[in-house]
Structures are given as C-alpha cells and as structure tokens.
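Biologist: Hello, and thanks for joining me. Could you walk me through the contacts and the pockets here?

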2 protein chains.
Amino acid sequence: MAVTLKDIAQAVGKSVSTVSSALNDYEDVSQETKELVRRVAREMGYMPNIAAQRLRRKRTDTLGWILPTFGPRFSDPFFSELLAGIGNESALNGFDLLVSTHAPGPDEDEAYRRMVSGRRVDGLLVVRTRSNDLRIAFLAEQGFPFVAFGRTQQDFDFPYVDEDGVSGMNLVIQHLIDLGHRRIAFIAAPPDLMFATYRLAGFRGTMERNGLPLDESLIVLGDLTQHTGHQAAGELLDRPDRPTAIAACNDLMALGAMAAAQERGLIVGQDVAITGFDDIPLAQHSHPALTTLHQPIYRIGRMICDMLIKCIRGESLPERHVLLQPSLVVRRSSGG
Amino acid sequence: MAVTLKDIAQAVGKSVSTVSSALNDYEDVSQETKELVRRVAREMGYMPNIAAQRLRRKRTDTLGWILPTFGPRFSDPFFSELLAGIGNESALNGFDLLVSTHAPGPDEDEAYRRMVSGRRVDGLLVVRTRSNDLRIAFLAEQGFPFVAFGRTQQDFDFPYVDEDGVSGMNLVIQHLIDLGHRRIAFIAAPPDLMFATYRLAGFRGTMERNGLPLDESLIVLGDLTQHTGHQAAGELLDRPDRPTAIAACNDLMALGAMAAAQERGLIVGQDVAITGFDDIPLAQHSHPALTTLHQPIYRIGRMICDMLIKCIRGESLPERHVLLQPSLVVRRSSGG
DNA sequence: TGCCCAAACCGAAACGTTTCAAATATAACC
DNA sequence: GGTTATATTTGAAACGTTTCGGTTTGGGCA
C-alpha cells in the first residue's frame with residue numbers, strides 16, 4: 001500500500017494537518033517539525049496522491065495538447081520538435097502534459113470538450129489555427145485558458161505566438177526574384193489553414209510589388225506532405241512552360257518537390273530553384289541543402305507553454321501577442 | 001460552477017447514489033429512472049469530475065509515455081508516427097495519454113518514479129530499449145504494468161513488441177551482396193541501444209555467412225540523426241578505398257549519407273548504394289528513393305498500447321512477446 | 001390480514017488531500 | 001499568579017465520486 005499523510009502523521013506523532021502544512025512549507029509550522037516531517041516522508045518514500053490533491057485543490061497542474069493528425073501515417077518532424085519544446089517547458093514548471101490525437105473535422109470539438117468539461121487539464125494549447133477555428137471559438141466562449149500557435153480571422157482576443165508568414169514569404173520570393181526568376185510557382189496548402197493563407201499572401205504581394213505577372217495556374221495545392229509536394233512539382237515541371245523556381249509552403253513539400261525535379265534529371269539550384277518554409281532539421285541535410293525560412297520551432301513550443309502557464313497562474317503576460325520574424329536561410333537549392 | 005451528481009439528484013428528486021448507479025448502468029435501478037437520469041444529465045451538461053473518480057476508483061485510466069529526447073532539436077518522424085498510433089488506440093479505449101519528455105541519462109528514472117509513485121498513470125510505455133535498461137529494471141521491480149517496444153539483455157520477463165533487427169539487416173545486406181557489393185560500410189548507432197546491437201549483428205552475420213572480410217574501419221558510429229549520417233558517410237567516401245555500399249542503421253542517417261554522397265558528385269544507386277532501416281515516409285520521397293526495411297510504425301504504436309491496456313485490465317495477452325519481421329523495400333538508392 | 005420477497009432506492013463511509021477556525025502550548029509582561 | 005499575546009498544533013469539513021449494507025415500497029401469496 002502506498003504511504004499517505006496519515007502514515008507519516010502516525011510515524012511522527014503529529015496530526016495529518018500538521019504534516020500537510022509542513023510538507024507545503026506553511027508559515028505556522030515550527031522549523032524542527034518541518035524538518036522532521038520532511039525527513040520521515042522521504043524515508044517512507046511518500047508521494048502525494050495527485051488525484052486527491054487535484055480534487056481538493058481544484059486544479060490539475062496539467063496542460064492539454066490535441067495534435068491535429070492527418071491520416072495514420074502522420075509523420076511531421078515539425079511536431080516532434082514542438083513537442084520537445086512543450087514537454088520540456090511544462091516539466092520545468094511542474095506541469096504534466098496530456099496529449100491527445102484527433103483528425104481535424106466536425107467532431108473535433110468533442111475532444112476539446114472532453115478535456116475542458118472533464119477538468120482533465122487547466123489549459124490547452126492550440127496549434128495550426130484555421131481562419132474560422134471552431135476550437136478557438138469554443139475555448140474563448142467557455143473562457144477556458146488557452147494559448148494558440150497561430151492567429152485566426154475570428155473576432156476573439158486570445159494570447160498567441162505566430163510567425164509572420166507574409167514577411168517570411170516576402171523574403172524568400174524576393175530572394176528568388178533577385179536571382180532573376182520571373183516564372184515562380186507556388187505550392188500552396190489548404191487555405192483554411194491560417195498560416196497557409198499568410199504565406200500565399202506573401203507570395204502574391206511580393207510578385208505584385210515587383211510588377212511580375214501572376215499566372216494563377218502556377219499556384220497548385222498540396223496538403224503539406226512530401227507526397228503532394230512531389231506530385232504538385234511533377235505537374236508543374238512537366239508543363240512545356242515550366243517555372244524556373246518553385247516556392248513551397250513548407251519544407252516537407254519542398255523536399256518532395258526536389259525529388260520530383262531530380263527524377264526528371266533537373267539539377268536543383270541550377271535548372272530549377274526550390275525553396276521551403278520552417279527549416280526543419282532535414283532541410284539542412286538534404287541534397288542540395290534547402291533554402292528556407294527559419295523558425296525557432298523548439299523555442300516556440302517553450303514560449304506557448306510558458307505563456308499558458310502564466311495565464312493559468314493568473315500572471316499577466318508581458319506580450320499577449322507575439323509575432324516572430326522568420327529569417328531567410330539561403331542554401332544551395334535556390335542557387336543563391 | 002460545474003454540475004455534479006448532487007445537482008442531478010436534486011433535479012430528478014433522487015439520491016446521489018441512485019444517480020451514480022444509473023449513470024454507471026447498475027442492475028438495481030429501474031429502466032425509467034436510468035433514462036430520466038441520463039436525459040437530465042445530458043441536458044444539464046454533466047461531466048464527471050475525473051479527479052474524484054480517480055480518487056475513488058483507484059485508477060486513472062491514463063497511460064504514460066516518456067519520450068527519450070536527444071537535445072532540443074529533437075525531430076524524429078519515427079516518433080510522431082508512433083505517437084499517432086498510441087494516441088489513437090488509447091483514445092479508442094477511453095484512456096488518456098500522459099506524455100513527458102526526458103533525455104536518456106542517470107536522472108531519467110526520476111521521471112518514471114514520478115509517474116509511478118504519484119499514481120499519475122496506470123501503466124507505462126517504454127520505447128527504444130537499452131541492453132541494460134534501468135527503466136525496465138525499475139518498472140519490473142515495482143511490478144508496475146508496462147509494455148516495451150524493444151527487448152533488453154536483462155533477465156526480466158515483460159511484454160514487448162520488437163522488430164527482428166537481425167533478420168531485417170540480413171535481408172538488406174544480402175540484397176547488397178547479391179548486387180555484387182563486397183566492400184560494404186555500416187553506419188552504426190550507439191551500442192547501448194538494443195535495436196542498434198541487433199542491426200549491427202545482422203550486418204556482421206550476413207557478411208560472415210557470405211565469406212566476406214569484415215573491415216572494422218568500415219563500421220562507423222552515428223547517433224541516428226541525419227547530421228551524423230552525413231558526417232559518417234563523408235568520412236567513408238573520402239577514403240581512397242571507399243566502400244561501394246553504405247548500410248545505415250536507420251533512415252535518417254541514410255538520408256544524411258545520401259546528401260554526403262551527392263555533395264561529392266556521386267550518383268546514389270549507381271556510384272554508391274545506400275540503404276536505411278524503418279521506412280519513414282520521407283524514405284519514399286527522397287531522391288533517389290531509399291531502399292530500406294519497412295516497419296509498420298503506426299501499427300506498432302497501436303499494438304503496444306493495446307497490449308498495455310489489456311495488462312492493466314488484467315486480461316491475458318494472446319502473445320506476450322511479438323517479434324515482427326521487417327520487409328525489404330527495394331528502391332533506387334541501392335541500384336537494385 | 002399478515003407475511004415474505006424482490007425491486008428500487010438511499011445513507012453513510014471512504015478515497016487522500018487541503019484549509020480554516022478553534023484549541024492548546026509557550027512566552028512575556030505587569 | 002494571572003493576563004495577554006504569540007507560536008504551534010489540531011479537528012473537522014470539504015472536494016465529487018463509488019460502493020455497500022440497509023431501508024422502503026408494493027405485489028404476491030397463504
């Protein structure tokens with residue numbers, strides 16, 4: 001049987017409440033009692049029963065994260081790095097992390113409801129926001145603490161961290177234009193995803209600002225996986241009037257696009273320029289290495305986690321809305 | 001305030017215990033009462049307080065998984081796919097998943113102790129087992145339910161799923177030999193990792209069985225990331241007597257190795273053959289596509305999760321030890 | 001009418017904490 | 001020695017369930 005406060009109380013000959021107070025370092029317990037209690041607790045291998053603590057304290061010291069998984073072969077290095085950041089930061093603050101997986105869709109809010117109403121967690125992390133995001137609407141209406149990675153178009157004020165996709169895409173498209181490219185294709189992502197919208201807007205804006213014609217047929221849609229990047233780039237490159245550069249909405253699709261180009265005997269960075277967005281570790285070690293926009297993924301994980309914990313604790317946030325500027329990392333794939 | 005059993009009891013004019021029994025579908029509650037209670041509960045938006053349930057029931061309906069993270073830029077597509085499998089299977093069974101991150105090392109058992117002694121979870125998942133694995137020793141000694149992905153050299157009997165690394169590596173090395181390769185290099189992984197040991201043993205065994213000399217200097221050590229795969233392959237390929245084929249212990253290192261070869265102007269699959277192990281989605285879409293050994297990662301996630309839940313429920317396992325046979329996927333990188 | 005039985009329901013204890021008002025011990029002062 | 005103030009300690013309630021022994025209700029039967 002596990003050792004409880006009662007057992008310790010018996011062992012030291014004090015009451016349960018004194019033992020509890022001693023372990024929680026309350027003021028009104030004498031120093032020697034505290035030391036005695038703590039020593040005995042350690043010796044007996046005491047570990048508080050967290051279910052009881054949670055029931056009494058009315059908080060769980062647990063954060064929730066529902067991963068949007070697309071299909072069974074969900075394999076995105078972006079998320080594992082984010083998870084590392086979130087996991088480490090929450091552990092540092094003594095919070096547990098409850099992870100759940102759910103495909104985006106109509107019954108998604110059920111997973112959120114379960115977390116919120118069952119009081120499983122004190123706050124939630126929301127990632128990959130959508131323009132009209134039901135999850136955010138739900139949480140905001142409930143007044144439940146949450147922090148998002150990404151913005152939305154809805155009229156809710158909530159704390160978030162986001163990267164500036166518009167100016168990020170500006171940087172890389174301008175880079176391509178400066179290298180002399182005129183026919184630049186874009187592998188877009190589902191437009192309900194907020195970051196996809198921003199990145200596409202960045203692409204359009206930069207083309208326009210440079211007075212370049214925008215051939216809509218050069219904008220093709222992918223789903224963020226290498227697979228569709230591969231397909232999309234294949235279609236683009238098989239056209240008689242093929243583009244000289246392809247900017248992908250994320251690194252994974254860019255890597256797929258590179259493979260498609262290479263299968264066609266094209267030398268990436270020479271015959272065709274290809275760029276990504278995110279700077280996942282793979283980008284650095286592909287061949288040729290991928291020109292992309294760097295985001296501090298691990299640090300973002302820690303940031304949103306830290307912000308959420310501050311919210312839960314009722315502390316004020318120094319910055320409620322953080323917009324990070326991605327930095328351009330020029331590597332060989334753009335021929336720069 | 002959240003609605004409790006008491007509120008429902010008041011609303012339907014019955015006692016708390018009757019309401020509880022009704023919601024748990026006990027025998028001695030009349031059908032009409034059950035229906036009434038359930039309807040009212042739904043209408044009032046009742047959600048059980050899980051902290052109270054856990055305290056009373058003495059179980060958490062939660063599984064724990066401590067991810068071994070190596071450094072902040074932890075980014076392994078293998079794990080995100082495993083997570084998808086584990087997450088989906090546990091959700092299907094009504095279990096929560098508590099994820100924690102911890103670098104492998106001496107204070108790792110503290111994370112396990114926290115989960116176990118704090119009664120945070122009913123069972124644990126252990127992945128990436130080591131030959132002398134303190135985590136497994138700890139859990140086995142505590143008699144705490146757990147299922148491992150991977151075996152160990154210790155003398156404990158515990159349920160596990162593993163892939164047969166020896167015969168997997170046999171397949172791919174034999175494949176290379178059949179293609180005429182004689183000087184085959186191997187990018188190994190830290191030998192304390194069980195799967196690394198098996199895969200290396202598979203390499204050695206196949207070379208020996210084919211009567212090929214084993215040049216120990218052709219076995220170099222990596223840490224499973226593309227980065228070290230890249231480095232290791234670089235060293236190998238810069239030797240005057242460079243190998244004609246490189247087998248990597250995992251896909252990520254193989255991808256790094258491919259980049260190293262390509263940087264040196266070598267055509268992978270022609271000038272040098274390169275193979276991996278795991279068949280992560282990236283393997284299919286690299287250029288050239290990577291010859292590797294397929295493992296059903298998602299399914300493995302579901303399997304270990306399902307086994308763990310059975311253990312917790314006290315059900316017997318149809319198979320306590322599962323050894324999966326990886327299948328060879330020949331693609332272009334081996335020139336096959 | 002009286003008795004028995006099953007079905008349906010209920011009260012109270014228990015799970016292991018935390019918290020707060022109240023009680024006790026200790027010290028300080030006149 | 002009595003009074004007051006302060007430092008410790010304590011008992012009991014509370015958190016929201018589940019569970020179990022016990023009570024009520026009403027019907028069937030002699």
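Modeller: Gladly! A polar contact is a pair of N or O atoms within 3.5 Å; within protein, one must be able to donate a hydrogen and the other to accept it, and residues adjacent in sequence count only if both atoms are side-chain atoms. This is a predicted model, where local features need pLDDT of at least 70, side-chain atom pairs count only at pLDDT 80 or more, and totals for chains, interfaces and linings use all residues. Residues are numbered from 1 along each chain as written, chains are lettered from A and ligands numbered from 1 in written order, and side-chain values use heavy atoms, without hydrogens and water.

Biologist: Which residue has a backbone N or O atom 2.8 Å from a phosphate oxygen of DNA strand C?

Modeller: Two side chains reach phosphate oxygens of DNA strand C as well: Thr18(B) has an N or O atom at 2.8 Å, and Thr33(B) has a polar atom at 2.8 Å. The backbone contact, also at 2.8 Å, belongs to Ser15(B).

Biologist: Which helix gives the most to the lining of the largest pocket?

Modeller: A pocket is an open set of points on a 1 Å grid over the protein atoms alone, where a 1.4 Å probe fits, with protein on both sides within 12 Å along at least five of seven lines; lining residues have an atom within 4 Å of a point. Helices are DSSP runs (H or I, at least four residues), numbered from the N terminus. Among the 39 lining residues, Tyr46(B) and Met47(B) are two of the closest to the centre. With seven residues, the top contributor is α4(B).

How values were computed
Helix = DSSP H or I, 4+ residues; strand = E, 2+ residues; numbered from the N terminus.
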